[in-house]
Amino acid sequence: MTEKKLLYSQQLFLQRLTKEHVLSDADAKELFVEIQQICCQEAQSQTQTDLSYDSTMELCIGAINSVIVPMLQLEICTIIVREGTSNVRYHGLVNKLVDDVAKEYAAPSHNVHEVALFRLIIEKIVERGLDEEDENTIGCSGSLSSKEILNLRTELTGAHKGKLSAMQTERALHAFAEEHWLIQRSNRYEFGPRIYLELSDLLSDLGVERLPQVIVNRI
């Protein structure tokens, strides 16, 4: 049986998505068009041996998944998140084997004290959201101000107690937003699309019952 391989165009798309963690549907489509143009230009100069590309972004994502799911247990999934009065789609790379923030997600780019802070932020936002929840809520409507999050460092216990300064906490918070775990709106932080894509089991364990719809892209 011949092993499936990614086309050059699919490699480019996957590399960018891996770097960005999450892309909005608009940004992903813009990237897809850019890659098509690159492949057309390079095909003319014959700098690559295989510059085929998919006719639609959906086909591209499905083809990538057909390779990386069985090989790496990674999958590009799509989530629909309510933002204001609109439903917004995001695409992100999800580890199908692990759903543990402390092991696979925040840990590679953050120290153990920042990971503990991250877990505490999640718990506090969920608590706030459960207090405000109504029957129409999808996901978690909770949020925390930047000041509240900075003060959370004083609630860390055990080996993490007193290990983060205000400056370190502020830097970690900025990174959490840059990595799409959190979204800042009017100086308040709420869950970003990456939380729902990668940590749905954790949210369920914490009591979030109605999670945003996740779409699996297959061909």
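Modeller: What follows is a walk through a predicted model, taken topic by topic.

Biologist: Let's start with the pocket, then. How much space lies in the largest pocket?

Modeller: The largest pocket holds about 400 Å³ of space. Its lining is made up of 21 residues, and those that lie nearest the centre are Val81, Arg82, Ile138, Gly139 and Cys140.

Biologist: Which helices and strands each supply at least two residues of that lining?

Modeller: Strand S2 (74–83), strand S5 (182–185), strand S6 (188–191) and helix H8 (193–198) each supply at least two residues, and S2 gives the most, with 4 residues.

Biologist: And what is the make-up of the lining by class?

Modeller: There are 9 nonpolar, 7 polar and 5 charged residues in the lining of the largest pocket.

Biologist: Back to S2 for a moment. How does S2 run relative to strand S3, parallel or antiparallel?

Modeller: S2 and strand S3 (residues 86–95) run antiparallel and are joined by 10 bridges; within this pairing, Cys77 stands opposite Gly92 in S3. The two strands form a hairpin with 2 residues between them, where Gly84 takes a positive phi near 70°.

Biologist: What about S2 and strand S7, how many bridges join them?

Modeller: Strand S7 (residues 214–216) is joined to S2 by 3 bridges, and these two strands also run antiparallel. Thr78 has Ile215 as its bridge partner in S7.

Biologist: You mentioned Cys77 and Cys140. Is Cys77 buried or exposed?

Modeller: Cys77 has a relative accessible area of 7%, so it is buried. Cys140, one of the residues nearest the centre of the largest pocket, also counts as buried, because its relative accessibility is 12% and the cut-off for buried is under 20%.

Biologist: How many disulfides does the count come to?

Modeller: The count comes to 0 disulfides, taking a pair of cysteine sulfur atoms within 2.5 Å as the criterion.

Biologist: Changing topic, what is the strand order in the open sheet of 3 strands?

Modeller: That open sheet has the order S4-S6-S5, with antiparallel pairing. Strand S4 (144–145) and S5 are the edge strands, since each of them pairs on one side only.

Biologist: What happens in the loop between S5 and S6, where Ser186 lies?

Modeller: The hairpin of S5 and S6 has 2 residues between the strands. Ser186, which lies in that loop, has a positive phi of about 50° although it is not a glycine, and Asn187, found in the loop as well, has a positive phi of about 65°, again without being a glycine.

Biologist: Why would you flag those phi values?

Modeller: I flag them because most residues other than glycine have a negative phi.

Biologist: Is Ser186 buried or exposed, and what about Asn187?

Modeller: Ser186 is exposed, with a relative accessible area of 75%, whereas Asn187 counts as partly exposed at 44% relative accessibility.

Biologist: Now the aromatics. How many aromatic pairs does a search of the whole structure find?

Modeller: The search finds 3 aromatic pairs. In one of them, the rings of Phe191 and Tyr196 have their centres 6.1 Å apart and their planes at 85°, so the pair is edge-to-face.

Biologist: Are Phe191 and Tyr196 buried or exposed, and which residues do ring pairs link into a cluster?

Modeller: Phe191 and Tyr196 are both buried. The cluster consists of Phe118, Phe176 and Trp181, which are linked by ring pairs.

Notes. Residues are numbered from 1 along each chain as its sequence is written. This is a predicted model: local features need pLDDT of at least 70, side-chain atom pairs count only at pLDDT 80 or more; totals for chains, interfaces and linings use all residues. Side-chain values use heavy atoms; hydrogens and water are left out. On a 1 Å grid over the protein atoms alone, a cavity is a set of points where a 1.4 Å probe fits but cannot get out, and a pocket is an open set with protein on both sides within 12 Å along at least five of seven lines; lining residues have an atom within 4 Å of a point. Grid points are joined across faces, edges and corners, and a volume is the space filled by probe spheres set on the points. Ala, Val, Leu, Ile, Met, Phe, Trp, Tyr, Cys and Pro count as nonpolar, Asp, Glu, Lys and Arg as charged, and the others, Gly among them, as polar. Two strands pair if DSSP finds at least two bridges between them. Rings of Phe, Tyr and Trp (its six-membered ring) pair if their centres lie within 6.5 Å; planes under 30 degrees apart count as stacked, over 60 as edge-to-face and the rest as tilted. Buried means under 20% relative accessible area, exposed over 50%, partly exposed in between (1.4 Å probe, protein chains only).
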